[in-house]
Amino acid sequence: MALRGAEEGAQEENLRRTLEPRKDATLFLAPARVGHRKKMNLKSERRGIHVDQSELLCKKGCGYYGNPAWQGFCSKCWREEYHKARQKQIQEDWELAERLQREEEEAYASSQSTQGAQSLTFSKFEEKKTNEKTRKVTTVKKFFTASSRAGAKKELQESKSPSPSINRQASIETDRVSKEFIEFLKTYHKPGQDIYKQCKLFLDAMNHKRDLSIEEQSECAQDFYQNVAEKLQTRWKVPPEKVEKAMDQIEKYIMTRQYKYVFCPETTDDEKKDLAVQKRIRALHWVTPQMLCVPVNEEIPEVSDMVVKAITDIIEMDSKRVPRDKLACITKCSKHIFNAIKITKNEPASADDFLPTLIYIVLKGNPPRLQSNIQYITRFCNPSRLMTGEDGYYFTNLCCAVAFIEKLDAQSLNLSQEDFDRFMTGQTSPKKQESDSWSPDVCLGVKQMYKNLDLLSQLNERQERIVSEAKKLEKDLIDWTDGVAKEVQDIVEKYPLEIKPKNQALAAIDSENVENDKLPPPLQPQVYAG
């Protein structure tokens with residue numbers, strides 16, 4: 001769904017100018033040797049990933065962000081291309097069915113040699129004819145049928161029941177989201193009631209469409225988003241900002257209930273892709289920030305904290321159930337990256353530095369189920385978020401980063417193929433290259449001795465740094481204790497404590513206090529003579 005208002009267009013143009021690289025900007029990933037890099041011919045000697053604005057936007061030229069999962073198209077253009085391809089596939093299926101039927105009829109007419117052969121051919125013909133009719137009907141109704149293997153996987157998936165604790169936790173979260181959704185719709189009055197009915201109908205329809213492929217379920221969700229948004233705008237005349245809030249709440253309500261059915265379903269190869277990406281990232285553990293030209297100095301404490309926060313956010317994405325919440329994790333991660341670059345360079349961060357740093361964060365964090373999360377967001381997120389805004393920009397860059405990691409080779413890092421293969425197989429690492437300068441005639445014991453001396457030197461430096469920090473901490477604690485004691489002493493001297501003797505309690509006049517002999521004698525009545 002695309003909201004093409006004039007205000008939104010202006011906002012998107014400003015956002016692109018701020019976030020996106022210049023049209024003529026080119027990003028190469030290679031070792032960061034500044035002095036030598038200025039003298040090199042970038043076109044002839046430096047080869048690697050290069051990203052410009054045209055690669056981030058939809059290749060159809062509509063101005064929205066594209067997505068590798070949609071073959072470079074935006075959500076709107078991809079759906080148009082998908083419908084065209086599907087209609088073409090339907091036509092081809094009909095033509096194939098008709099051609100097979102003609103061939104079977106010709107074969108049946110020409111095979112009249114013996115009675116047994118005729119009976120056998122006729123039975124085969126009837127069987128194939130029935131299969132083709134069934135295939136045509138299924139094609140018309142569902143466009144694409146799920147394979148028997150997919151059906152078997154689905155049955156296996158339905159037979160698996162999660163633990164009671166997981167069910168209980170999901171039920172609590174679903175109830176909470178339902179209450180929040182109902183409270184939110186109360187502010188919309190009559191449109192809110194209609195929205196709630198539409199959502200309930202959609203969820204019921206999705207429960208009956210579990211046998212469809214995940215792509216067809218995604219199409220249903222995207223159609224629902226578009227229809228509801230159009231009704232909010234045209235029928236109830238809801239302002240654009242309230243439409244966006246309503247669509248966010250609708251997505252949260254729907255996908256919280258559908259998450260366990262549509263996230264990484266066993267009918268897809270998402271889990272296989274997740275394992276492949278994780279294995280690939282583990283194999284690339286040796287890649288250094290210098291190889292990627294990452295403008296981040298992790299020795300600065302503030303920068304190191306930003307890197308840790310960025311890794312935490314990208315890992316936390318897997319714990320979220322709503323596509324918008326997953327996108328929010330990607331956005332927070334990206335903003336921490338921009339802050340780390342800004343602190344390191346002491347100047348506003350450039351979009352040209354963002355992608356290599358994001359690649360480094362992904363390599364260092366190795367987020368769980370990365371491909372499944374990307375596919376889930378692509379299939380079931382409100383498409384306006386992926387096509388426009390900072391969420392769409394950051395998500396597109398994450399897809400580019402994953403694609404780069406999957407295709408990373410020696411040329412991308414400006415390494416020789418021999419060194420790249422040695423790093424990938426674990427024979428050596430970039431930090432151990434100095435030991436390779438030894439002559440082959442040198443004794444292995446000598447090499448090991450120098451290696452141990454180097455390690456001891458590093459441990460000694462770390463120990464001295466720890467002792468220095470410990471002494472500094474001890475001094476700070478002593479100074480703090482002395483400061484507190486001095487402040488207390490000053491306050492005591494300024495406001496001295498005077499302890500006064502305790503006053504004795506006065507006895508009541510009417511009480512019978514025989515022990516108190518200090519009371520005056522009672523008055524005696526005086527008698528006057530008349």
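Q: Why is Y450 called partly exposed?
A: Y450 has a relative accessible area of 45%. Buried means under 20% relative accessible area, exposed means over 50%, and partly exposed lies in between, with a 1.4 Å probe and protein chains only. Y450 is therefore classed as partly exposed. The residue belongs to helix 20, where helices are DSSP runs of H or I with at least four residues, numbered from the N terminus.

Q: On what kind of model do these values rest?
A: The model is predicted, so local features need pLDDT of at least 70 and side-chain atom pairs count only at pLDDT 80 or more, whereas totals for chains, interfaces and linings use all residues. Residues are numbered from 1 along each chain as its sequence is written, and side-chain values use heavy atoms, with hydrogens and water left out.

Q: What makes M449, Y450, L453, L456 and L459 a nonpolar surface patch?
A: Patch members have over 30% relative accessible area and no salt bridge; like charges are joined within 9 Å, and nonpolar side chains (Val, Leu, Ile, Met, Phe, Trp, Tyr) within 5 Å. M449, Y450, L453, L456 and L459 make such a patch, of about 510 Å². The accessible areas come from the Shrake-Rupley method with a 1.4 Å probe.

Q: Why is the pair D479 and K475 called a salt bridge?
A: The term requires a side-chain nitrogen of Lys or Arg within 4 Å of a carboxyl oxygen of Asp or Glu. For D479 and K475 the N to O distance is 3.0 Å, so the pair meets the definition. The two residues are four apart in helix 20 (residues 444-494), and are thus separated by about one helical turn. K475, at 52% relative accessibility, counts as exposed, whereas D479, at 38%, counts as partly exposed.

Q: How do you know that R176 and E180 form a salt bridge, and which network includes them?
A: Their side chains meet at 3.1 Å, N to O. Both lie in helix 8 (residues 164-185), four residues apart, which places about one helical turn between them. R176 is partly exposed at 40% relative accessibility, as is E180 at 33%. Together with K252, R176 and E180 are linked in a network of salt bridges. The whole structure holds 19 salt bridges.

Q: What parts of the chain does the salt bridge between R369 and D318 tie together?
A: The closest N and O atoms of R369 and D318 are 3.0 Å apart. R369 lies in the loop between helix 15 (354-365) and helix 16 (370-380), and D318 in the loop between helix 13 (301-316) and helix 14 (323-345), so the bridge joins parts 51 residues apart in sequence. D318 is buried at 15% relative accessibility, while R369 is partly exposed at 35%.

Q: Is Q278 buried or exposed, and which residues are in contact with Q278?
A: With a relative accessible area of 18%, Q278 is buried. Q278 is found in helix 12. Beyond its neighbours within four places in sequence, Q278 is in contact (heavy atoms within 4.5 Å) with N366, P367, P368 and R369.

Q: What makes a set of residues a nonpolar core, and how many residues has the largest one?
A: A nonpolar core consists of buried Ala, Val, Leu, Ile, Met, Phe, Trp, Tyr and Cys residues joined through side-chain atoms within 4.5 Å. The largest has 53 residues, and L292, I330 and I361 have the most contacts inside it. Helix 18 gives the largest share of this core, ten residues. Leaving aside neighbours within four places in sequence, I361 is in contact with V307, A310, I311, I314, C333 and I337.
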